[in-house]
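Hi everyone, thanks for coming. Let's have a look at the model together before I talk you through one chain and one of its interfaces.

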Amino acid sequence: MRLTCPLCGPRDRREFYYYGAEDYLNRPDAGAPGSAWDDYLHNRDNPAGMTRDLWYHEQGCAQWLIVTRNTVTHAVTAVDLVAGRQGAAT
Amino acid sequence: MRIDGKGIIDRTRQARFRFDGRDYQGFKGDTLASALLANGVRLVGRSFKYHRPRGILTAGSEEPNALVEVIGKTNRTPNVRATVQEVFDGLETRSQNRMGSLKHDLLAVNDLFAPFLSAGFYYKTFMWPRAFWEKLYEPAIRRAAGLGSLSGRHDEGAYEKAWAHADLLVIGAGPAGLMAALVAARAGADVVLADENPVLGGRLIAEGGTLGGEPAAVWVAGVEAELRSLPNVRILTRTTVTGAYDDGTYGALERVGLHKPARPDLPRECFWRIVAPRAILAAGALERPIAFPMNDRPGIMMAGAVRSYLNRFGVAAGKRVTIFASTDSARATARDLVAAGVQVAAIIDPRPDASVVEEVPVHLGAEVIDTRGRHGLRSITVRKGAESFEIETDCLAMSGGWNPTLHLTSHMNVRPRWSEDLAAFVPVEGAVPGLFAAGAANGTMSTHGALTAGKAAAEAALSALGRVAGTVAVPAAEDAPYGHRAIWSVEGRGRAWLDFANDVTTKDIRQAAKESYASVEHMKRYTTQGMAPDQGKNSNVGALAVLADATGRGIPETGTTTFRPPYTPVSIAAMGAGGRGAGFAPQRFLTSDQASRDRGAPMIETGLWYRPGYFPKRGEATWKEACDREVAMVRQAVGVTDVSTLGKIDIQGKDAGRFLDFVYTNTFSTLPVGRVRYGLMLREDGMVLDDGTSARLGETHYLMTTTTAAAGLVMRHLDFVQQAFCADWDLRFISVTESWAQFAVAGPKARALLDSLLEMPIGDLPFMACAAARVGGVEARLFRISFSGEEGFEIAVPTRYGEALFRDLLARAETMGGGPYGMEALNVLRIEKGFITHAEIHGRITAFDIGMEKMVSAKKDCIGKAAAQRPGLWGPEREQLVGLKATGPISAGAHLFRPGFAVERENDQGYVTSVCWSPTLGAWLGQAFLKDGRARHGETIRLVDHLRDIDMACEVCDPVFFDPEGGRMRA
Amino acid sequence: MPELIAKGPFDGVEPLVMAGLTLAPVEDGPIWSIALLPGGAKAAAKALKPLGLAFPGPGGISEKAGLRLVWTGRDQAFLFGDLPAGLEGAAVVTDQSGGWAGVTLTGPGAARALGRLVAVDVRLAAFPVGGVVRTGLNHMSAVILRTGEDAFEIRVFRSMARTCWHELAEVLRHLGARAPLSA
């Protein structure tokens, strides 16, 4: 498997650390109810198809990445910087 | 028998080798198989289950029978294909899977029991009586099972791993592959051409013939010379592409030194990872056997293999050959043999309408129904209509058709498609993105067809790569239609083998179907067909056809199993190349490493770091004596230890304090400049991630310390928090772990020691404070912190001065009754003080569990705060950190029980994480997590460790055993 | 007053010449990490301009008069040489001197030799002369500069100096033993 890091270019998957679903980016407010935190931390779909998850370019530029990929075909359609995403200033 | 004037081996270079203790002679370019055949050796192995005598079936890596052990000075490699292993001077080999000699294998008795050893035998037989399993069945099966044997010693051979990147990977250097490589290379594309043979050419070498009016070998040599002259081409011979993986990544195994006597540093094998956006699978086709009765005797071979031995190696596989084939290609084998002067007794062709025009007798509509010859073929029985007759022959060349070598195309779980025309499975385009099959691998069977397909595949690849192909002419070549008729099995009285390696016969498949194992996946597992080292390369399609027939379905409806990587076996040693000894993981060495070793300190691995365990002194018999002395030394005088392994993260910016407030449970934005604070870091799920001290070096400048174990983890975590939640904050951080050498100096005389070398005395630097300092003209940092409970400091200098400072500190300490202390003493000192490490904060521990819930600030949000407050993560049901005190040895990993209760899981009250003998307090001390532990101080608890045979009553107490007020640290 | 003698990660290590390749230690002077603060790019460019340097983009190196500015991450570069004034407020500067162990690998086929340990594409088109990659040298995080078609500078954490040397030396030994082979 290869991921194209927006900064470093195409790299073998062993340079990356896998974390989990993109949901981890949507942190509830401090006062949000427990159920919101459950959803944030634990409740996940297991889609056959398109999925967006978080990878860390550990042996490269140390950037966290949002990887859009298909769990059925293994096609990777987009790799974006977490720090550069909509709403997050850089 | 060698045929003069045939073959491409080098007859001027002899190679003496041994097989089963006998000396033989071959030539450079021979495989073990060709050399044995040339020497008239037909019996080379025993089959797996029935221990039937077996010979050489094929001339390639698909060989199921001729598996041998290669014995080197330091290596012994089982299951080596005699058809792949090249001979060299001094090669030592041995047959395997026998008890006694190869000719008189004692386990051949299994063959007599064959009627009982049919499909599912193990499942049915070894069920009862139950008591027999461990004592009788398993040992007996284990002794008899498995092929070959290992030496039991480490493999000391050299192995290599490598990466290659190319625009185009061409798999196979036969006509299609060579043509594809040539077209792509001339257009300037980066090409990797891999072939598992030592020579290029594939079938062009095995079949001979002409290309463009010249001998095929001449054309091959011309193409090879051109390819080798181009800088954009890399040719990997003796290299099998073994797997196709995601995004254009392929695995390949190169046999680097296996055809040479072993030499130091010469890799035996190299495991390649080849990355290419496009690949052309030009791996040719594999000929399939016919399952006729008693078709497994030595001397019964594939027709293509017989041709290959003749044309490539100049070896006649027999003196009087017969052909049993339903393909036109086998006729070419016959003609080549006749032309070379080898007698061909007869051609038996099951097709009623095939040509009879040959120089030898042809029997159309005929089949072989029996064979004779105990250790090698002597004769065959042919049935033609109602009559049957016997033919004397020592070599039967068979051919039931050709299967495209499409294995790589199903490595991503796409099943191949059945072609009625070819009576074979063919690749599905797009099965592996970027991989395109061409030539025989794609069902194009003629030489000219393969050349044309190879060219077209390269042109398509070039176009996809944005390159323009030049004009390359396809040479004139054999272009006959693929003449064949499928024949799978022949009815008769004897057993008819499908899977030679695993001894699976047509009867086994039919029996599986009868017992309802009618799905191909079930049949495979029930009969073990396709599960041998050849992974069904020779038998899969035949077995499917028999299964389809037995279940009254067609082959497409019956379906097929998919092939998985690797195409041929890959040694673990090659995949793990470089991973033994020092190559297992990076080794991180402290600047004090040599100084510690000079003092005889045994080094302990902590993560990747090597740290001194203790510093033995003359007269100390055990590590414990040294450890006790070092603990007392720190408590009474002064000790020095290297703490550079702790992670150090430099954090700067206007928002640095705000950031620390967010990642730590407690507040750092209010920390005065020049002060240090202990911080607790949680994961977002509320569990403790790490702890450590952070110092405020300036208004916008902090230095965070992490534990040794979690340094990388914390960096990753901080990167996530910053990039995900505060990318726009005025803040940057970077690890400075490697830039500073840092030493803890602890004990009542620590201040005096440091004052003797610092340019300015420590003065009134308070506990938990830091300051810039200078030592020997070098800028240093001084921290007043303590992990020992004594008055302690840590002094940091740029790494390049680390060794010098460490040696100087030790020399000074020793004049004061102090010296270095190691990890063992460090651990005792911290347990006496109730300080925790990752033995305690092991990932399932909350701030509440370690009594630090008050450190979670109520005034601000922080990572992990919300989750930490959820039910279940706090309260009396939680196991809480306590101290344990005992009069005898206790152990970490032990579990705790109430006295009087049975030692059962239901009664488990908690577990022990750290223990030590405390020379300071004269007792065994422990840290443990105990249910509602903080309310149970003073209780007696039973500590049980079944592994170490410990059963000890302990007193539950506060985890801080020594100087609970902390007066010594603050002195 | 102690006299502290500085020691580099490869003190006493002699270059290794094998298979036509040379593995040699690099002696680095000061190394500074320069990390742009949000909105600091302009001010940093202004401070770097008089030196003839520009803040490099991904994979880039800016070099002038003995100063070398090497991209090492998003909005981050390492400066090899003396630190210029004027970066305060625009970037965070952190001393990285002595924290890295450097070696050079030079000679015909250096790229293919490096391909034994490095998974990235080392062909010139993907990794041009004057470029830098952050990648793994086997299991070690590394900063690798291409200083010539057949010349690389490799830096790993100082504490891993011995492993770095061990692994590269093994590559050279294997290539040296392979050399007499025709293939």
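Let's start with chain C, which has three helices and eleven strands; helices here are DSSP runs of H or I of at least four residues, strands are E runs of at least two, and both are numbered from the N terminus. From the N terminus the order is β-β-β-α-β-β-β-β-β-α-β-β-β-α. A quick word on the ground rules: this is a predicted model, where local features need pLDDT of at least 70 and side-chain atom pairs count only at pLDDT 80 or more, while totals for chains, interfaces and linings use all residues. Residues are numbered from 1 along each chain as its sequence is written, chains are lettered from A and ligands numbered from 1 in the order written, and side-chain values use heavy atoms, without hydrogens and water.

The C-alpha trace of chain C spans about 60 × 50 × 30 Å along its principal axes. Of its 183 residues, 55% are buried, meaning under 20% relative accessible area with a 1.4 Å probe, protein chains only.

Now, how does chain C meet chain B? In all, 64 residues of chain B are in contact with 50 residues of chain C, contact being heavy atoms within 4.5 Å. Between them they bury about 4,700 Å², 53% of it on carbon and sulfur atoms; that is the accessible area (1.4 Å probe) lost on being put together, summed over both.

There are nine salt bridges between these two chains, each a side-chain nitrogen of Lys or Arg within 4 Å of a carboxyl oxygen of Asp or Glu. One of them joins C:Arg178 to B:Glu160, with the closest N and O atoms 2.8 Å apart. On the chain B side, β8(B) gives the largest share, seven residues.

How values were computed:
Buried area = accessible area lost by both parts, 1.4 Å probe. Buried < 20%, exposed > 50% of the residue type's maximum accessible area, 1.4 Å probe, protein only.
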